[in-house]
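Here is a short report on one chain. It covers fold, surface, charge pairs and rings.

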Amino acid sequence: MPFGQIYLSSQHPKWAGEYIDYGRLKKLIKPLLKAAYPEYYQRRLSVDDSSEDTTTRPLIAQQKIAEMEDFRSNILTRVGCKLLLLLEFVELNIQAIDNIVKKHDK
């Protein structure tokens, strides 16, 4: 099952409007990646094409893949940091609610 379907089926109905629009985000990011890494998205040139040195193709591909992995890693790091901040926010608010309830239980 593709991740997009798993993502949609795993969402809590009450929060459905608050989740990231995964499909739309994919559609927004793909053109940006194509513009940033055009060689990665181009079809392979035919073997008969002598205008490009075929020995440099694997090296260029490896460099582009490394750049994309760095890009992905940076995004995941930034998202992870923001998620940790959100978790701290939620935990702090849970503590506040817990303290208020404890005070009124007495």
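## Fold

What pattern does the protein chain follow when read along the sequence? The pattern is α-α-α-α. The protein chain has 4 helices and 0 strands. Helices (H or I, at least four residues) and strands (E, at least two) are DSSP runs, numbered from the N terminus. Helix α1 covers residues 3-9. Helix α4 covers residues 57-105.

This is a predicted model: local features need pLDDT of at least 70, side-chain atom pairs count only at pLDDT 80 or more, and totals for chains, interfaces and linings use all residues. Residues are numbered from 1 along each chain as its sequence is written, and side-chain values use heavy atoms, with hydrogens and water left out.

## Surface and burial

The protein chain has 106 residues, and buried residues make up 7% of them. Buried means under 20% relative accessible area, exposed means over 50%, and partly exposed lies in between (1.4 Å probe, protein chains only). The accessible surface of the protein chain comes to about 9900 Å². Carbon and sulfur atoms hold 61% of that surface. Accessible areas come from the Shrake-Rupley method with a 1.4 Å probe; for residues, only the protein chains shown count as cover.

Which residues make the nonpolar surface patch of about 570 Å²? They are V79, L83, L86, F89, V90 and I94. Patches are made of residues with over 30% relative accessible area and no salt bridge; like charges are joined within 9 Å, nonpolar side chains (Val, Leu, Ile, Met, Phe, Trp, Tyr) within 5 Å. One of the patch residues, L83, sits in helix α4. L83 counts as exposed because its relative accessibility is 53%.

## Salt bridges

Side chains of opposite charge can pair when their charged atoms come close. How many salt bridges does the structure hold? It holds 2. A salt bridge is a side-chain nitrogen of Lys or Arg within 4 Å of a carboxyl oxygen of Asp or Glu.

One joins the side chains of E67 and K64, at 3.6 Å from N to O. E67 and K64 are 3 residues apart in helix α4, so about one helical turn separates them. Is K64 buried or exposed? K64 counts as buried, at 17% relative accessibility.

K102 forms a salt bridge with D98. Here the closest N and O atoms are 3.4 Å apart. K102 and D98 are 4 residues apart in helix α4, so they too are separated by about one helical turn. K102 is partly exposed, with a relative accessible area of 48%. D98 is partly exposed as well, at 36%.

## Aromatic rings

The structure holds 4 aromatic pairs. Rings of Phe, Tyr and Trp (its six-membered ring) pair if their centres lie within 6.5 Å; planes under 30 degrees apart count as stacked, over 60 as edge-to-face and the rest as tilted. One of the pairs is F3 with Y7, which is tilted, at 5.7 Å centre to centre and 35° between the planes. F3 and Y7 are 4 residues apart in helix α1, so about one helical turn lies between them. F3 is partly exposed, with a relative accessible area of 47%. Y7 is buried, with a relative accessible area of 18%.

Y7 also pairs with Y19, edge-to-face, at 6.2 Å centre to centre and 85° between the planes. Why does this pair tie together parts that are 12 residues apart in sequence? Y7 lies in helix α1, whereas Y19 lies in the loop between α1 and α2 (22-36), so the pair links those parts. Y19 counts as partly exposed, at 28% relative accessibility. Ring pairs link F3, Y7, Y19 and Y22 into a cluster.

## A buried loop residue

Q11 is found in the loop between α1 and α2. Q11 counts as buried because its relative accessibility is 15%. Which residues does Q11 touch, not counting residues up to four places away in sequence? Q11 touches A16 and Y19. Y19 is also part of the ring cluster with F3, Y7 and Y22.

Methods:
Contact means heavy atoms within 4.5 Å.
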